[in-house]
Amino acid sequence: MAKKPDLLRDNELIYGRLLTVDEPHLVQRYNKALAAFGLQPTKLTSFQIDRTGFSPEVAEECGDYDYLDPNEVNRRFIILTPSQIDLPVVHTAFSNTSQLMFEFMSKNQRAIDALTIKDVIYGEIEDSVPKVNDIEDLLSINQVEFKVLSAEDVLGKAAELGKLVDRLKQEPDAWRDNAMIERMVDLAKICGDIRENALVPDQVIFRHSAYWTSHFGGLYVFVDPDMTTVICDPAAPGFRRSRPWQVSYLSINDADKVFRFLAATGRLDLPRASWIEASGYLEHRAEMVVRALIRDAEPNRNLTDVDKVWLQTWIHGHADLIASDGNFPFLNAAKREIAQFGHLKIEDVSPRQRFLVVRAKPDHPDAWLTNQLISDFVPQDFVSRYVFNKPGFYKDYDGYSDAWRSHVVDVLKTTYLKDKVAFRTRLYGLTD
């Protein structure tokens with residue numbers, strides 16, 4: 001990932017809410033973890049980290065944004081403090097890295113609390129493949145195991161002390177072994193009382209379920225009880241060839257099939273008055289559609305302080321453009337039909353336009369991933385792209401004019417960033 005313009009950084013739209021590491025002992029611990037990975041220590045005295053320990057400043061310094069993700073699989077992590085659990089994950093090849101880290105840190109909270117008092121925890125989220133060459137490699141990842149180490153080997157020493165304690169309990173004459181007792185005293189100085197301090201993580205194996213990955217230009221995997229579904233570009237190696245008896249393959253270019261899959265598996269909120277009218281969802285989509293048309297027609301226009309009256313005037317003045325695009329009139333018609341009948345006949349809608357009027361079913365476990373996939377079919381809605389599909393948003397952003405970049409940042413600041421939770425609840429029905 002190239003270095004992003006400061007406009008995103010200054011407004012905390014990239015690398016926001018990270019933790020600053022500037023205490024010398026923590027910088028030193030971080031460097032010990034880097035050395036263990038065979039990487040050069042950082043010369044920085046202050047940098048920021050995300051939940052996995054990834055630092056954009058360290059990435060810039062070493063010129064490698066994948067320094068914790070060498071083959072974009074078997075992700076490395078560095079834990080300096082238990083408070084990392086509350087941070088986002090800002091750079092990853094797999095959308096579920098954040099969830100896996102959260103599960104690992106919450107299931108092993110006591111061990112992480114105790115260990116980080118005196119040591120840095122590092123390691124990798126290991127799965128069965130060292131490198132992803134085709135879709136089969138991705139499908140073979142059913143679970144991941146956290147391989148956990150610590151720089152001062154407090155973990156190893158705690159395990160050794162545990163074995164000696166067991167020996168002391170089980171062998172009647174073990175207490176006479178002076179060398180063993182001395183070793184236990186030395187280890188206890190480092191580890192403390194391991195009967196009180198849980199220093200060894202309890203759970204290190206976790207399921208690897210639905211996710212998006214950046215491999216092969218972006219690929220989705222959805223898991224249902226009797227079928228796994230892969231959605232990606234058909235040019236991806238292994239498409240329709242890996243496990244055809246248990247995997248369904250859908251082209252990301254086939255809006256009709258993708259929509260039918262999401263609807264049939266209960267992942268979509270279809271357009272009904274019960275949620276459409278209170279959420280303002282169609283109004284939001286309509287505004288995004290018009291803004292995208294303005295961008296295409298006048299890429300360098302300064303859109304600062306644009307209000308609804310100005311937008312309305314622009315719409316009237318560009319009636320032919322609005323009509324030929326078709327999305328704005330469609331959304332207005334959909335709004336009228338829902339107001340009149342309480343729902344929209346989705347089968348009468350063209351496949352691509354269906355994605356304009358649906359959202360993920362909020363209580364489905366795959367809601368975030370489904371909203372990400374929907375956003376791939378509605379690229380005009382840069383707000384939804386930013387909320388659910390940051391890799392897609394940053395890629396789009398790279399192609400924007402400076403004027404449009406400023407506009408996008410302004411809109412995100414005044415809508416989403418003002419109150420993220422309230423915005424997600426109102427528009428997408430999601431409660432964190």
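Biologist: Is the crossing in which α9 passes α16 left-handed or right-handed?

Modeller: In this predicted model, the crossing of α9 past α16 is left-handed.

Biologist: At roughly what angle do those axes cross, and within what distance do they come?

Modeller: The axes of helix α9, residues 255-264, and α16 cross at roughly 160 degrees and come within 12 Å. Angles over 145 degrees count as roughly antiparallel, so α9 is roughly antiparallel to α16.

Biologist: Which residues make the contact?

Modeller: From α9 the contact uses A255, V258 and L262. From α16 it uses T370, L373 and F377.

Biologist: And how do the residues of that contact divide into nonpolar, polar and charged?

Modeller: The contact of α9 with α16 has 5 nonpolar residues, 1 polar residue and no charged ones.

Biologist: Let us turn to α11 and α19. At what angle do they pack, and how far apart are their axes?

Modeller: Helix α11 covers residues 281-297 and helix α19 covers residues 402-414. They pack at an angle of about 165 degrees, and their axes are 11 Å apart. That angle makes α11 roughly antiparallel to α19.

Biologist: Is the crossing of α11 and α19 left-handed or right-handed?

Modeller: The crossing of α11 and α19 is right-handed.

Biologist: Which residues of each helix make the contact?

Modeller: On the α11 side they are M288, R291, A292 and R295. On the α19 side they are W404, H407 and V411. By class, this contact has 4 nonpolar, 1 polar and 2 charged residues.

Biologist: Which residues are closest to the centre of the largest cavity?

Modeller: The cavity is lined by 13 residues, of which R75, F94, T97, I125 and D127 are the closest to its centre. The lining comprises 5 nonpolar, 4 polar and 4 charged residues.

Biologist: What volume does the second largest cavity have, and which residues line it?

Modeller: Its volume is about 40 Å³. The lining of the second largest cavity consists of Y281, R285, V358, N371, I374, S375, S384, F388 and Y428. By class, that lining has 5 nonpolar, 3 polar and 1 charged residues.

Biologist: Which helices supply at least two residues of that lining, and where does the largest share come from?

Modeller: α11, α16 (367-377) and α17 (382-388) each supply at least two residues of the lining of the second largest cavity. The largest share, 3 residues, comes from α16.

Conventions
Residues are numbered from 1 along each chain as its sequence is written. This is a predicted model: local features need pLDDT of at least 70, side-chain atom pairs count only at pLDDT 80 or more; totals for chains, interfaces and linings use all residues. Side-chain values use heavy atoms; hydrogens and water are left out. Axes are lines fitted to C-alpha atoms, for helices over the stretch in contact, and angles run from 0 to 180 degrees between N-to-C directions. Helices (H or I, at least four residues) and strands (E, at least two) are DSSP runs, numbered from the N terminus. Angles under 35 degrees count as roughly parallel, over 145 as roughly antiparallel, 65 to 115 as roughly perpendicular and the rest as oblique. A crossing is left-handed if the near helix is turned anticlockwise from the far one by less than a right angle, and right-handed if clockwise. Contact means heavy atoms within 4.5 Å. Ala, Val, Leu, Ile, Met, Phe, Trp, Tyr, Cys and Pro count as nonpolar, Asp, Glu, Lys and Arg as charged, and the others, Gly among them, as polar. On a 1 Å grid over the protein atoms alone, a cavity is a set of points where a 1.4 Å probe fits but cannot get out, and a pocket is an open set with protein on both sides within 12 Å along at least five of seven lines; lining residues have an atom within 4 Å of a point. Grid points are joined across faces, edges and corners, and a volume is the space filled by probe spheres set on the points.
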